[in-house]
Structure formats: structure tokens, C-alpha cells
Amino acid sequence: MSNRTTEFPLLRFPRERATIVQETAQRALQAVLARGAPEYILNDTCLHEIRRLSESAAQEEVKSLGQWKHLWRHLGGLDRPALIDQLAKVVHGFTEDVAGGFSPPVYGIATQLLPPALGLLLTPESVTDIASHLVQPAKLLSLLHERLQVEGALLQLQRLSRRATLVCVPTHLSNLDSPVMGYALQRAGLPPTTYGAGKNLFTNPVLGFFMRNLGAYRVDRRIKHDLYKDVLKTYSQVILERGYHSMFFPGGTRSRSGRVEQHLKLGLLGTTLSATVERYRRITGAAAGPPIPPIYIVPVTINMQLVLEAETLIADYLKETGKSRFIIDDDESTQIKRMVQFIRTTVTHAGAVVIRFGAPLDVLGNPVDEEGHSLGPHGHPVDLSRYFWVRGVPQIVPQRDAEYMHDTGLSIARSFRRDTVLMPTHILASVIWRYLDVALPGLDLYRRLRQPLDLSLEEGAVLADIEALQARLRSRGHLLGPHARGSAREVLDAALSAFASYHSEPAVLRTADGKLALGDRQILFYYQNRIDSLGVLP
Amino acid sequence: MTAGPVSVAVLGGGRWAKALASHLRHTASHEPTRILRLLHIATPSALSLDERMSLSQIDLLVLAVPAVSVRPLLRQAALHLHGAQVLVHAIGSLATPEDESTATATGEAAHSVGTRGGLHGVRALSISELVRNETPIRRVGALAGPALALDLEERRPAALVCGSRFDDVCATARHALHTPTLRMYTTHDLTGVEVARASVAIIALCGGIADALNLGVAARAILITRGAAELARLGVALGAQEKTFYGLAGIGEMVVATDGRGSADFELGRLLMQGLSLAAAQQTLGRVCDGPSMVHEAVRLGHALHLRLPICSALHQLISGTTSTETALAKLLASDNHAE
């Protein structure tokens with residue numbers, strides 16, 4: 001547990017918020033004006049907003065539909081100073097909408113409440129006896145400790161966090177990931193981070209209250225115009241430059257398929273690079289301003305035995321049209337009944353969740369040594385600042401930097417594959433899915449999911465396959481989580497019991513005659529995708 | 001960005017490297033505002049300390065050594081290279097992902113890999129990837145196109161395309177190399193340029209065979225256009241853009257390589273048709289040929305990637321001695337008609 005709760009950067013946020021908003025708005029305005037004439041930018045923004053608000057419901061908008069229409073109609077009559085003034089107001093409005101907040105008292109309450117709440121969430125047996133646990137919170141905490149494991153390069157990260165800015169980039173499976181990460185950071189002895197959360201999540205009054213006060217800033221994924229992207233990026237860059245530890249989910253959204261994310265969204269993450277160039281510009285005197293601490297990217301894998309929203313996510317993935325559904329607001333995490341069911345029955349085994357902090361990377365995706373120095377090929381130290389030189393002076397070069405970020409994305413994706421911790425549910429699903437492949441050869445995925453098939457498998461054969469897969473995963477250096485590293489029997493039992501404990505229909509089940517049978521194939525597909533995405537299968 | 005003069009180093013002692021160095025020297029003497037300094041290291045296999053130290057002062061490195069020499073050279077130089085530098089290579093080959101000795105031991109890369117050819121391994125590693133893996137340099141490009149050493153030496157019109165994901169690599173290479181006689185074009189399709197350039201050896205080899213059989217100009221035209229289409233399929237499967245194969249790096253260089261001037265693989269094809277075995281032909285030639293290993297690797301990659309590569313397959317059977325010239329030709333001509 002952190003002993004540094006009195007010194008982390010977010011505590012400064014309430015004092016700095018107004019300055020941050022002002023600086024962001026000013027810099028974003030410059031960025032926006034560098035892209036084009038104010039009338040065109042305003043026109044584009046107004047049209048985007050008018051279309052968006054005509055098609056979907058308003059959610060605490062910067063301007064109402066009527067106000068956008070009014071502005072759009074009057075653009076033609078405004079002279080340049082008036083246009084810039086309007087643009088500045090719009091930029092400021094979006095900046096205020098994005099900017100987060102941090103309340104130390106709320107943080108204090110949250111850090112007290114979060115562990116027992118997560119404990120309840122992850123220990124189903126405790127729910128049946130809430131009263132006794134409320135009387136004995138220590139027991140609940142110890143259960144949580146057991147259920148949620150935090151591992152990785154923690155000492156190095158703790159040291160780096162004292163003199164550098166950490167940017168955690170976790171894999172994303174569930175809406176539980178944000179609170180789980182909040183708790184994991186605390187458990188890892190790492191400072192809390194600010195992070196961009198979907199604006200739709202803020203509509204939940206309880207969640208919204210906590211997020212608004214715990215450093216989360218709002219990202220409205222429905223807004224597609226460039227002005228908004230400029231504001232978001234500038235905000236992220238400004239807070240990074242000011243040393244606020246941050247968190248991005250580079251997958252952009254929860255993994256619909258259950259696969260480990262490999263195609264990452266690098267837009268906001270690119271602000272780590274811009275802030276780093278600004279750091280070197282200030283060091284070399286090319287730009288004025290207070291020193292900026294170095295920035296490190298920390299890939300994190302969130303590994304869960306069961307995923308709360310698995311059924312909705314995979315169903316959405318399998319719907320051709322659903323693949324573009326970016327915001328899901330009707331999944332299991334929004335249904336109290338399902339949440340309670342998840343709480344009651346989810347993880348009946350220890351080690352249900354493993355949060356693994358990977359080795360930190362510099363902004364170009366290079367590994368760093370204990371002290372944070374960048375390492376090139378063969379572990380030789382490299383001078384990071386030189387990558388940004390233009391005739392000896394560090395400068396932002398958008399095309400170059402986008403290509404650099406592309407490589408950083410590949411490094412993060414590699415780290416995700418390497419640091420994914422596999423659970424019994426993944427292993428069993430992968431093994432059983434191969435039987436489906438054999439039983440239904442030559443069929444496409446959709447037919448394989450629907451074709452009637454009465455598969456009855458001998459336990460012995462499945463156990464042998466589990467053992468072979470464990471050996472293959474080990475030989476390729478993949479990490480096996482609690483129970484997954486045990487005997488094949490242990491894996492089978494843990495996975496069957498986990499599948500049976502939560503999903504409407506288990507992916508695999510044991511029949512009365514002791515054989516194994518197929519259950520919900522979509523769920524099976526979802527869990528087997530984890531291993532499939534690692535590219536280890538023949 | 002590259003408005004100022006740049007320091008350039010050419011690494012390589014072959015004719016192509018010397019021609020590039022001479023071209024740059026000519027530019028430097030006439031336009032000192034473009035090239036501040038030129039360093040030509042003709043024996044990069046054994047870099048002196050001075051040479052290694054001076055490499056750190058270079059803005060643009062031009063690598064033109066045989067592919068087998070690339071890894072040892074980069075390892076020697078790596079500590080003196082840094083992230084502000086850009087590197088372009090003029091090597092028509094893909095490298096091995098791991099130690100070459102392993103590949104050679106398996107007999108899969110028995111032919112030495114020279115400056116023109118050599119796709120190894122299903123996970124073929126390009127020279128640019130090798131540079132990334134071995135040095136701190138991130139901004140890498142590849143040169144390819146219809147430019148023979150002879151053309152550069154005699155200042156006859158020639159053209160190169162620089163492929164790089166980075167605009168500033170293309171701009172720097174263009175800034176240093178472009179002259180009225182050497183036109184420099186640029187593309188972001190680095191993979192395309194590297195694969196197209198490496199594929200040329202196959203077409204040159206085939207061109208030599210066709211020439212020895214006196215098949216005529218139309219056969220050469222067919223070979224080039226269908227060869228480009230075939231290798232474009234391979235390139236696209238490896239992440240390249242198809243159009244690159246129909247441009248300077250593909251068809252442009254194939255036209256030159258099948259012309260009979262200066263291509264070792266073209267000569268090898270001719271010798272093979274005189275009845276010499278592959279080994280005897282290579283010995284007679286005494287020059288580095290990458291056509292055979294390229295053919296072998298293209299077929300292997302094609303198999304792994306489920307691609308139809310009729311020219312490569314026929315050539316592969318021919319040079320591995322599993323079929324006669326007549327049969328190989330007949331097979332090629334009898335292959336199913338396809339929409340072009």
C-alpha cells in the first residue's frame with residue numbers, strides 16, 4: 001500500500017485546474033488556428049455539432065442545438081476578430097467540458113471504500129454474508145488481496161514515479177477496469193493517475209461523481225470534429241507536461257472479441273511524445289517554461305478469469321453491424337441484476353484477476369534501465385533527445401512523430417502479448433475450440449457457432465490437450481496465472497467451475513456421465529480468443 | 001528541413017557504392033551548399049576507430065555493401081550511430097531474421113547473398129528492419145530503380161526511388177542525391193521498394209535464360225510485366241503497395257536488369273542455358289548472384305502465403321534440376337489463362 005498519499009501530483013490539481021484549463025484553451029486555440037481560417041473551422045465545428053445533436057440526445061453539451069444553429073447562421077456576418085473571439089469561446093467551452101477534477105476528500109473516501117467494494121465484487125461468498133464482513137472489514141480486505149493479484153516491475157515503477165511521469169496503458173476488457181486499475185495502482189504503491197473516460201460513463205450519478213472528483217477527464221467519443229480532438233490532445237499534453245501521471249486505454253474501447261489488443265489507437269498517446277519534445281526544448285533553451293519530468297509508458301495487462309460483460313461484448317463483435325458500435329450502454333455492467341449476479345457468483349477461485357505492470361518504455365517504445373535511461377538494440381544506452389533533432393534543435397515534426405508513435409504502438413502491443421497472464425478459462429476454451437474446428441471442418445466462424453453439434457468429449461483427452469497447451473505456452477514464454485499453472489486437472493476444474501458460476505449458459509460443462517459437453521459457443525469463442533490472439537497455436 | 005548542407009557517408013567498396021560516392025563527390029564539388037562533407041568508407045568490414053568516430057558526425061548514411069556484410073558492419077558501427085541520423089540502403093536483398101550461419105547450415109541459403117537478392121525465411125527480415133534491430137537509427141529508407149553504376153559513372157540519365165516511412169529520410173536522400181542526370185523520386189512504401197528491388201534478381205535470371213534461348217523482345221516484355229505482377233502479389237502479401245512494383249523500383253529496374261548490361265544474374269541465366277550446372281555457372285561468373293536464392297525464397301514464401309507464383313516456380317524447378325528447360329517453358333506457356 002502506498003505510503004506516499006500526501007505527495008502525489010493529483011493533489012495539486014484543484015489548485016492548478018483553472019490555470020490548466022486556461023493554458024489548454026490558449027494552446028488549443030493556436031493549434032486550431034494553425035490548421036485553417038477561423039470561419040472554416042467554426043463552420044465545420046457547427047455543422048458537426050448540429051448533425052450530431054440532431055441525431056442523438058444531448059448530454060451536458062457545450063452549446064445547445066439551437067445555439068450551434070444560431071452561431072452557424074451568423075458566421076458570415078462576423079469579421080476576423082469576432083470570429084477568433086467566437087472560436088476562443090468554443091475552444092474554452094470544450095476545454096471546460098473535458099477538464100477533470102480532483103477532490104482530496106473524495107479521494108480519501110474512495111480509497112477507503114474501493115477496496116471493500118471491489119472485495120465484495122470479487123468474492124461472491126462474501127455477499128451472502130455482507131453484515132459479517134462489514135463487521136470484519138479486515139477479512140474482506142484479505143479476500144480481495146487474494147482475489148486480485150498485482151505483479152510486475154513494481155519497485156522500478158515506484159522509483160520512477162517519484163521523478164518522472166508515468167503513463168499507464170492497460171489492456172481493456174470490462175467497465176470494471178477503471179476501478180480495478182485505481183485499486184491496483186494503490187496496491188502497487190503507485191500514485192493515482194488521471195485518465196480519459198467516456199462521457200457516457202459520467203451519466204451514472206454515482207460513477208460520475210467519483211470520476212469527476214478523482215482526476216478523470218471526459219472524452220466524448222461521439223464528437224468527431226478536429227477542433228475537439230485538438231482540445232483533447234492539448235489537454236492531455238498540458239497535464240503530462242505538468243507531471244500528472246496518466247492512464248490511456250490504447251485499445252480505445254473494451255476488447256469486443258476478447259483478443260489481446262494489437263491495433264492501438266495512438267492519438268492521445270502521441271501526446272507523450274509531444275510533451276517529451278517540449279521537455280527537451282525547455283532543457284536546451286529552445287522553449288521557455290518550467291522543467292518537464294521525463295515520461296515513461298507502462299503497459300499493463302488486466303487479466304480476468306471471467307469478464308462481466310463477455311456475453312454482450314462477443315455478441316456485439318459477432319454482429320457485422322455491431323462492430324462499429326463504439327459505445328454500448330445496455331450491457332451487463334449497466335444492469336443491476338447482472339451486476340449483483342456477477343457479485344454473487346463470479347469468481348469462486350483465488351487469483352480471479354491479475355494486474356501485471358509491464359516493464360516501462362520510453363516514448364519511442366524503447367526499454368529503459370532501472371534509472372530510466374533509454375536502451376537501444378543489444379541494451380546499449382541511446383540518447384532519446386536526438387531522435388527529435390532538426391538541425392540540432394528538438395522540434396515536433398508531425399509526420400515523423402506519427403511514424404515514431406506507430407513503432408511505439410508496436411512495442412506496447414508486443415508487451416501486451418508478452419505480459420498477458422492466461423487463466424484456466426482461456427486454456428480450456430482454447431482446447432475445446434480446437435475440437436470444434438475438427439468436428440466442423442471448412443465452415444466459417446458463423447456456421448461453426450450455429451451448426452448443430454453434439455460434442456461429447458472424454459475427460460482424459462481434454463486433460464492431455466490442456467497439458468500440451470500449457471507446455472506450449474510455457475515454452476513460448478507466456479505467463480500462466482493462478483490455477484492455470486497447476487495440473488491439467490486443476491485447470492479443468494477451475495475453468496468449469498468458473499464458467500458454471502456466472503454466465504447464463506456455461507461455455508463448457510460436465511455432463512451426468514462425466515464427459516465434457518459444449519455449452520454457449522459464443523462464450524467459448526470469446527475466451528479462446530485470448531490465446532488465439534497471442535499467435536502461439538500451430 | 002534539409003535546406004542546409006548535410007554530411008554524407010557511403011559505406012561499401014563495390015562498383016555500385018563507388019559510383020554513388022563518385023556521384024555525391026561530384027555534387028559536393030559543384031554544390032557545396034548541399035553536401036557539407038562526404039566520407040566514403042570502401043572497406044567497411046573493418047572500420048578503424050577514426051572511421052567509427054567520424055560516423056557519429058554524419059547526417060545521412062548510404063549503405064551499399066553485400067547483404068551478408070550488413071549485420072557485422074552495423075554491429076561494429078552501432079555504438080557510434082544515433083537517433084538524429086538517417087540511413088538509406090541500396091541493397092537489393094532481404095536479410096535473415098537470425099544468424100545467417102544457421103540458415104546456411106540448413107542449406108536454405110547456400111548461396112552467398114550479395115548486393116542484389118536473397119529472401120530468407122518465412123519471416124523475412126528486410127535490411128531496414130535489420131538496421132532498426134542493430135542500431136539506434138529509426139529513420140531508414142531504401143533506394144531502388146533503373147540506375148546502373150555505369151550510368152552514374154558516365155552521368156547518363158538514371159533514376160532512383162527512395163522508399164521510407166519518414167518524409168525527412170526521403171527529403172534528405174533527395175537533397176543529397178538528386179541531380180539533372182540522377183532523378184530522385186520518393187514513396188512511403190518502404191516494404192514495396194525493398195521487396196521489388198530484391199525481386200529484380202529473379203527477373204534478371206529469367207531474362208538471361210530467355211536471352212540464351214533467343215526468345216525475342218516480346219518474351220522479355222511478357223517476362224517483365226507478368227513478373228512484376230507475380231512479384232507484386234508476393235510484395236502485397238508482405239505489406240507492400242502493388243503500384244510500387246509497376247514503378248521505378250519494380251518494372252523500371254527489371255527493364256535495366258534484363259538488358260544484359262551489368263547484371264550478374266542475367267549472365268548466370270545465360271550460362272545455365274549453356275548447359276553448366278548452377279555451381280559451375282556461378283564459379284565461371286565469379287560474381288555475387290542472388291537470383292537462385294531469391295527464387296528459392298520467393299517460392300518458399302509463396303508457399304507459406306498461399307500465393308500463385310508460376311514464373312518463380314518454373315525457375316525454381318529449372319535451377320534445382322528437377323525439370324528441363326523445355327518442360328519449364330512449356331509449363332509456363334501452358335498455364336491457365338487469367339484476366340490480366
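Student: OK, contact means heavy atoms within 4.5 Å. With that settled, which residues of α14(A) meet which residues of α21(A)?

Tutor: From α14(A) there are A:Ala310, A:Glu311, A:Leu313, A:Ile314, A:Ala315, A:Tyr317 and A:Leu318, and they meet A:Gln522, A:Ile523, A:Phe525, A:Tyr526, A:Tyr527 and A:Asn529 of α21(A). By class, that contact has 10 nonpolar, two polar and one charged residues. Ala, Val, Leu, Ile, Met, Phe, Trp, Tyr, Cys and Pro count as nonpolar, Asp, Glu, Lys and Arg as charged, and the others, including Gly, as polar.

Student: Before we go on, what are we looking at, and how is it numbered?

Tutor: This is a predicted model, in which local features need pLDDT of at least 70 and side-chain atom pairs count only at pLDDT 80 or more, while totals for chains, interfaces and linings use all residues. Residues are numbered from 1 along each chain as its sequence is written, chains are lettered from A and ligands numbered from 1 in the order in which they are written, and side-chain values use heavy atoms, with hydrogens and water left out.

Student: Thanks! Back to those helices: at what angle do α14(A) and α21(A) pack?

Tutor: Helix α14 (residues 310–318) and helix α21 (residues 521–532) of chain A pack at an angle of about 90°, and their axes are 9 Å apart. That makes α14(A) roughly perpendicular to α21(A). For the wording, angles under 35 degrees are roughly parallel, over 145 roughly antiparallel, 65 to 115 roughly perpendicular, and the rest oblique. The axes are lines fitted to C-alpha atoms, for helices over the stretch in contact, with angles running from 0 to 180 degrees between N-to-C directions.

Student: How do α13(A) and α16(A) cross?

Tutor: Helix α13 (residues 270–283) and helix α16 (residues 398–419) of chain A cross at roughly 125°, and their axes come within 10 Å. They are therefore oblique to each other, and the crossing is right-handed. Right-handed means that the near helix is turned clockwise from the far one by less than a right angle, and left-handed means anticlockwise. A:Gly270, A:Thr272 and A:Leu273 of α13(A) meet A:Asp401, A:Tyr404 and A:Met405 of α16(A). Three nonpolar, two polar and one charged residues make up that contact.

Student: Switching to chain B, what about α12(B) and α13(B)?

Tutor: Helix α12 (residues 264–273) and helix α13 (residues 278–285) of chain B pack at about 130°, with axes 9 Å apart. That makes α12(B) oblique to α13(B), and α12(B) passes α13(B) in a right-handed crossing. B:Ala264, B:Glu267, B:Leu268, B:Leu271 and B:Leu272 come from α12(B), and B:Leu278, B:Ala281, B:Gln282, B:Thr284 and B:Leu285 from α13(B). Those residues divide into seven nonpolar, two polar and one charged.

Student: Zooming out, how many helices and strands are there in chain A, and how many in chain B?

Tutor: Chain A comes to 21 helices and 14 strands, and chain B has 16 helices and nine strands. These are DSSP runs numbered from the N terminus: helices are H or I with at least four residues, strands are E with at least two.

Student: And what share of the residues is buried in chain A and in chain B?

Tutor: In chain A, 56% of the 538 residues count as buried; in chain B, 54% of the 340 residues do. Buried is under 20% relative accessible area, exposed over 50%, and partly exposed in between (1.4 Å probe, protein chains only).

Student: Now single residues. Is A:Glu61 buried or exposed?

Tutor: A:Glu61 counts as buried, because its relative accessibility is 18%. A:Glu61 lies in the loop between α2 (38–55) and α3 (65–74) of chain A. Neighbours within four places in sequence aside, A:Glu61 is in contact with A:Glu49, A:Arg52, A:Leu53, A:Lys199 and A:Arg222.

Student: Where is A:Asp369?

Tutor: A:Asp369 is in the loop between β7 (353–357) and β8 (389–390) of chain A. At 25% relative accessibility, A:Asp369 counts as partly exposed. Not counting residues up to four places away in sequence, A:Asp369 touches A:Gln156 and A:Leu375.

Student: Last one: what is phi of B:Asn214?

Tutor: Phi of B:Asn214 is near 55°, a positive value in a residue other than glycine. Most residues other than glycine have a negative phi. B:Asn214 is found in the loop between α8 (190–212) and α9 (217–237) of chain B, and B:Asn214 counts as exposed at 68% relative accessibility.
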